[in-house]
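Please look first at the sequence and the model shown here, and keep both at hand while reading. The paragraphs that follow go from single side chains to a sheet of strands.

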2 protein chains.
Amino acid sequence: MKRPLLTLLIAASCAQAPLLLASAPASAQAVRPVDDASPVLVSAEAWRDMAEAGDRYPMFSEERARIQAEVDAAMRAGVDVPVPRDLGGGATHEQHKRNYKALAGAGALYRITGERRYADFARDMLLEYAELYPTLGAHPAGRSSVKGRLFWQALNDSVWLVYASQGYDAIRDTLSAEDRRTIDENVFRRMARFLSEENAPYFDRIHNHATWATAGVGMTGYVLRDPELVDRALRGTAHDGKAGFMRQIDELFSPDGYYAEGPYYQRYALAPFVIFARAIQQNEPERGIFAYRDGVLIKAVEGVVQASYEGLIVPVNDALPEKGIDSEEIVTGVAIAYAQTNDPRLLSVAQRQGRTLLSPDGLAIARGLVEGQVQPFDFRSMQLRDGPSGDSGNLVLLRQGGETGQLLVMKNTQQGQGHGHFDRLNWLFYDNGNAVITDYGAARFLNVEAKNGGGYLDENDSWAQQTVAHNTLVVNGQSQFGGDWRVGEEHTTTPLLFQVADGLQIASARIDTAYAGVSMVRILALIEHPDLAYPIAIDLMRADGSAPALYDLPLRFNGQIITQGFEARHALTERPVLGDRAGYQHLWVDAQSDPGVETRSLTWLLDGRFYTYRFGASAPTRALLVESGANDPNFNLRREQMLIRRMDGQADASFYAVLEPHGAYDSRAETVTGSTSRIRDITRVRGDDAEVVIVTLASGKTLALGVADDVSPGRSHTVRADGQTWQWTGGYARFDRDGDGK
Amino acid sequence: MKRPLLTLLIAASCAQAPLLLASAPASAQAVRPVDDASPVLVSAEAWRDMAEAGDRYPMFSEERARIQAEVDAAMRAGVDVPVPRDLGGGATHEQHKRNYKALAGAGALYRITGERRYADFARDMLLEYAELYPTLGAHPAGRSSVKGRLFWQALNDSVWLVYASQGYDAIRDTLSAEDRRTIDENVFRRMARFLSEENAPYFDRIHNHATWATAGVGMTGYVLRDPELVDRALRGTAHDGKAGFMRQIDELFSPDGYYAEGPYYQRYALAPFVIFARAIQQNEPERGIFAYRDGVLIKAVEGVVQASYEGLIVPVNDALPEKGIDSEEIVTGVAIAYAQTNDPRLLSVAQRQGRTLLSPDGLAIARGLVEGQVQPFDFRSMQLRDGPSGDSGNLVLLRQGGETGQLLVMKNTQQGQGHGHFDRLNWLFYDNGNAVITDYGAARFLNVEAKNGGGYLDENDSWAQQTVAHNTLVVNGQSQFGGDWRVGEEHTTTPLLFQVADGLQIASARIDTAYAGVSMVRILALIEHPDLAYPIAIDLMRADGSAPALYDLPLRFNGQIITQGFEARHALTERPVLGDRAGYQHLWVDAQSDPGVETRSLTWLLDGRFYTYRFGASAPTRALLVESGANDPNFNLRREQMLIRRMDGQADASFYAVLEPHGAYDSRAETVTGSTSRIRDITRVRGDDAEVVIVTLASGKTLALGVADDVSPGRSHTVRADGQTWQWTGGYARFDRDGDGK
């Protein structure tokens with residue numbers, strides 16, 4: 001765009017009107033003179049520190065060099081502020097993304113290097129935006145419920161504002177009064193108005209999109225010395241605290257820092273929370289924002305790292321499985337959290353990320369590393385309670401053997417709004433650096449324009465969110481809550497057991513509302529035994545129904561099938577589809593057994609380790625081997641296999657299983673060891689008020705897990721069968737016996 | 001086994017009879033007294049060097065520690081020499097494998113540490129073998145054409161002998177005369193006899209199994225001071241040079257060091273060649289074995305490294321795609337080659353391998369690294385000519401951008417005996433660290449007992465070797481040579497072009513015998529263009545047939561389909577199988593287009609890079625999208641997708657295509673660039689004696705490749721079409737024009 005002479009006079013008074021609101025605390029920003037244009041998001045000393053850092057802190061200087069290369073390239077290419085046209089991944093979309101990064105980068109580089117050309121470049125670009133932005137209506141390709149102006153969804157406009165406001169803050173005192181007014185009004189104030197007043201219901205939601213909006217608007221408020229904007233960001237458009245950033249912190253995070261939409265969106269949401277919190281801390285330290293709710297924002301940073309395996313975030317709910325803790329948002333979160341806490345464990349996360357920010361926080365990280373402060377991050381077993389009060393379920397992480405050992409995840413969280421999956425009581429298993437029992441994640445190719453503009457695909461609804469796409473019980477071929485997330489929002493899962501002890505870790509939970517008339521309880525345990533090289537996972541899923549039903553229990557296993565330990569009819573020359581709705585329409589059937597009561601097994605090989613899954617049930621079941629990919633004309637799905645255990649015509653059902661990692665396949669040395677399971681059988685005994693799962697090892701020894709229906713601590717339970725007795729007090733007990741029940 | 005008192009007197013005279021054969025050269029070993037039992041495979045000085053190395057050379061001391069841990073564990077477990085019972089991967093199989101490694105390790109450790117317990121352990125184990133071995137007949141689970149005694153196939157017995165003879169050599173002078181005689185006769189001489197005299201046709205084959213046998217027998221000959229055994233190994237059971245090790249070197253390697261069965265078996269075969277050659281060099285340096293045939297054994301080591309990408313061996317013919325240059329055989333080959341040549345490029349290969357041998361050669365490697373001799377290995381474009389005289393085709397490797405850049409492989413080699421695939425004129429493409437256009441390799445799970453005892457699966461014949469499993473032309477739904485490898489052995493491929501120049505690399509070849517009445521020529525080129533970020537691959541496959549035929553040209557592409565650039569009917573709810581023989585029975589059909597003459601395209605995404613394949617043909621073709629996995633009741637196949645271009649009813653066919661890597665998908669930064677192809681179209685013009693493939697870029701510029709039917713250098717060619725003229729002299733030419741043919 002060409003830049004004509006700006007002749008309009010802009011009335012800015014109304015937006016600046018309430019200089020001091022009754023409820024806003026008297027604070028630094030409130031008394032800062034409006035004609036002072038020096039930086040407010042980073043202190044003058046901090047900019048000086050960064051300027052003087054030189055090359056003493058490699059991670060910082062590498063980031064500086066990276067940003068410099070990026071900004072220099074953008075400057076060589078020249079200012080390019082195109083009229084918005086494209087969806088995610090398209091040329092104008094990517095250009096506006098590059099622009100906000102270039103703005104933030106140029107601002108920082110101007111402060112750090114003192115080179116005026118960076119400030120001028122940012123100014124020239126912002127003046128182009130000042131010309132373009134007022135001409136824009138809704139984005140032409142907008143399909144989101146709230147369209148943006150620069151981007152197809154308002155979310156990206158908010159992100160633009162969060163980054164551009166930082167760049168603008170850094171160069172604002174270099175501008176002529178006229179340029180400053182032009183940019184203030186035509187870019188920042190207009191954009192803030194669009195994202196808040198003009199879209200108040202959107203801005204006032206308790207949702208991560210609104211967090212980006214509040215962050216952008218609030219930071220704009222600091223930069224423009226506009227306390228009304230800041231207060232609007234903090235307390236909502238009505239300035240009553242029923243919406244806005246503080247309310248989002250209250251509602252979106254549990255006391256453990258768990259974010260209602262799950263770890264993947266926690267990563268995404270984290271950035272505006274910590275970036276805006278940092279701006280608040282800088283301008284209004286008296287708010288103690290990082291100590292707010294017992295330091296919940298810092299807990300949120302740690303929590304998302306805990307909910308990762310081998311650097312990848314556990315992909316429950318809508319999530320791209322390839323997204324890792326090295327993502328920009330977590331780099332941001334770790335740096336800002338470290339600068340606030342000096343927690344040396346965060347340095348090892350930064351080390352793994354391999355980069356940090358061009359900011360005071362990044363400098364702190366780089367310094368901490370040079371000074372040898374680093375300590376290992378302690379990946380450990382924990383539960384992340386969900387819900388604002390921590391009473392809306394939990395995400396359970398059972399670990400053994402540290403970062404690359406075993407991780408058993410149990411998902412007992414809330415629905416997680418529109419990005420939630422219908423997967424209560426789902427479980428995942430990681431071992432040997434790999435996802436072994438997996439989550440499909442989301443059906444989406446982020447920013448790949450040819451794939452629905454980079455947005456969520458239809459298959460996200462028709463497949464990825466459906467219950468059958470997860471390792472949890474499907475009743476009568478329907479998804480939980482009838483596949484309606486708003487219904488799901490109304491019901492929580494109830495955690496029962498969570499115990500971490502040497503050699504045995506256990507978690508359990510119940511939900512009675514996922515399916516009408518069906519109460520479901522699942523018990524998952526990670527257990528060590530001297531006979532076994534690795535811990536095993538025991539899984540007991542019980543359903544108590546009011547009427548006979550069709551129960552399907554899928555298992556998404558990852559690896560090449562080595563032994564199918566049961567008879568089945570195979571679809572060899574024509575592959576049928578399993579169903580016609582609720583995700584079943586996407587499953588090809590490869591094999592199906594007759595109903596049977598015998599214990600069955602399936603062994604697969606993944607990355608040099610064998611896994612044997614041994615399973616039985618309380619009534620005859622079929623075993624089906626299926627694969628995703630049916631009804632997929634656009635090749636939008638990954639093709640991944642599953643085992644489905646199917647029991648038909650029972651009201652009550654008990655599915656029990658053990659997953660055993662074993663052996664080694666070394667393709668380099670061409671050796672194979674332990675390819676045979678060390679477990680002989682798994683059985684289950686039902687008592688009056690408890691259930692016992694008995695694993696018989698190859699040696700004849702048995703390992704039994706007793707679990708009471710009522711898990712309260714003081715009660716005693718006795719189960720007798722086949723001349724054996726299991727007796728214990730409390731929710732569960734482990735029994736180790738030699739052969740023959742001795 | 002328990003070891004009873006040995007009371008039998010063993011008549012050893014017959015085996016030792018011809019002490020000096022007329023044809024054996026007078027050499028060191030020939031005059032060594034038979035009662036000297038000191039080591040002959042490694043010199044006393046070399047053992048001393050290793051003993052004195054201490055910890056000065058980390059790679060050597062790490063290997064010493066690794067072997068020590070392994071042998072110490074074996075010693076703690078105690079001698080275990082079980083009666084053979086199992087197939088590959090089974091307990092007795094793996095135990096006998098562990099034993100030969102422990103023998104070699106214990107021998108070396110005895111010499112290096114001076115600790116007698118190592119020698120005693122090796123002795124005790126060998127005495128057990130001396131007791132067991134004479135009692136053995138054919139292996140009970142043997143299914144190979146030549147069964148072993150310790151293992152299911154004689155091959156593994158030979159490998160046992162190669163390693164055990166090294167361990168025995170190191171400790172033989174610690175034995176009592178009686179123990180020595182017992183082991184000499186009941187283990188080594190018996191085993192050598194079994195592998196040679198008693199299986200003479202096997203021993204005298206020109207085949208890698210026989211190489212292991214000759215190496216084992218020959219090394220046994222040196223250790224037992226038995227020149228007849230040595231000569232038998234070198235010149236065959238008839239001692240006439242028509243068989244044996246020297247003949248194997250002559251016949252199995254081309255002058256460029258290419259091994260007839262392909263790189264995967266070259267890796268495997270390498271070990272006995274270089275290990276035995278080293279023993280020959282040690283005992284009969286006057287043979288100049290490493291200089292033999294212009295240093296062909298050293299060339300073979302380099303060749304297998306050249307035929308790798310990102311550390312993995314190009315998996316043409318029967319091959320496990322996960323097998324890398326860090327395999328034990330190549331560690332052995334690189335160490336021995338380095339010790340002979342001091343070629344510093346080999347040190348960087350060793351560095352990548354991350355380990356070396358506990359041998360004088362390994363010490364040389366470790367020393368070279370400590371002394372900073374290392375130089376990068378120069379991965380470069382080359383042809384490896386096939387056949388003893390180098391006139392039986394070639395394996396073409398066209399590279400751009402070094403080790404992780406582009407690699408285009410063209411397979412114009414011989415059949416490669418029973419492990420050869422029916423894939424003449426096949427091509428593969430690597431880019432960005434990944435296999436993009438792939439080879440299935442072999443259908444086998446090496447040493448996984450549950451998968452056909454770890455041997456080749458039935459699907460290796462029914463799928464992996466068939467032509468349709470490769471990126472080359474299938475005629476009338478049959479594999480090349482009617483799927484009979486013995487027929488394939490009789491016919492070679494004729495290389496036509498091989499030129500490597502800046503910006504354009506080209507190879508072509510012809511075969512007239514793969515299908516009766518059909519002459520096939522393929523031209524492949526790797527071309528750079530200033531408009532394009534990466535080199536593109538141009539592919540022109542021509543068939544001149546004597547009768548109308550059904551032509552299928554498969555493309556095994558690796559990645560997620562992003563855009564299917566053509567209309568097709570999709571198999572959405574029932575997936576049919578493509579055919580009933582020659583590999584087609586294993587292909588599920590996902591989509592099929594109508595016949596059309598328009599240019600089509602397919603775009604996929606792999607590891608953050610997009611690939612657009614744009615293709616046309618001289619007559620209407622269908623495009624099919626298929627996936628392997630049909631008729632696979634045991635889940636023995638990997639499920640991998642392919643595009644098949646199908647032309648029916650033509651005698652002559654020309655298939656042309658361009659593969660374009662482009663753009664970047666960065667999931668960490670959530671950015672996408674260049675997801676749209678920079679190529680607009682591909683067309684083809686046929687002249688009287690030449691063909692021109694024209695690629696039109698998005699800019700309107702064109703890039704054309706003219707290829708003459710007769711590639712001889714001096715001839716001129718002219719092709720005219722649509723008002724344009726392409727004129728050149730020689731086999732091929734490149735034409736760069738601005739838009740509109742200017």
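In chain A, the residue A:Arg267 lies over the face of A:Tyr264, and its distance from the ring centre is 4.3 Å. A charge is said to sit over a ring if NZ of Lys or CZ of Arg is within 6 Å of the ring centre and within 35 degrees of the ring normal. In chain B, B:Arg609 lies over the face of B:Tyr534, at 3.7 Å from the ring centre.

Before going further, please note that this is a predicted model, in which local features need pLDDT of at least 70 and side-chain atom pairs count only at pLDDT 80 or more, while totals for chains, interfaces and linings use all residues. Residues are numbered from 1 along each chain as its sequence is written, chains are lettered from A and ligands numbered from 1 in the order in which they are written, and side-chain values use heavy atoms, with hydrogens and water left out.

Rings of Phe, Tyr and Trp (its six-membered ring) pair if their centres lie within 6.5 Å, and planes under 30 degrees apart count as stacked, over 60 as edge-to-face and the rest as tilted. One of these pairs is formed by B:Tyr222 and B:Phe276, which is tilted, with 6.4 Å from centre to centre and 55° between the planes. This pair links distant parts of the chain, 54 residues apart, since B:Tyr222 belongs to helix α10 (residues 208-223) of chain B and B:Phe276 to helix α13 (residues 263-283) of chain B. B:Tyr222 is buried, with a relative accessible area of 2%, and B:Phe276 is buried as well, at 0%; here buried means under 20% relative accessible area, with a 1.4 Å probe and protein chains only.

The rings of B:Phe245 and B:Phe273 have centres 5.3 Å apart and planes at 35°, so this pair is tilted. Both B:Phe245 and B:Phe273 are buried. In chain A, one aromatic cluster is formed by A:Tyr222, A:Phe245, A:Phe253, A:Tyr259, A:Phe273 and A:Phe276.

Turning to the strands, five of them form an open sheet in chain A, in the order β3-β4-β5-β6-β7, with antiparallel pairing. Two strands pair if DSSP finds at least two bridges between them, and helices (H or I, at least four residues) and strands (E, at least two) are DSSP runs, numbered from the N terminus. The edge strands, β3 (382-385) and β7 (434-437) of chain A, each pair on one side only.

Notes. Buried < 20%, exposed > 50% of the residue type's maximum accessible area, 1.4 Å probe, protein only.
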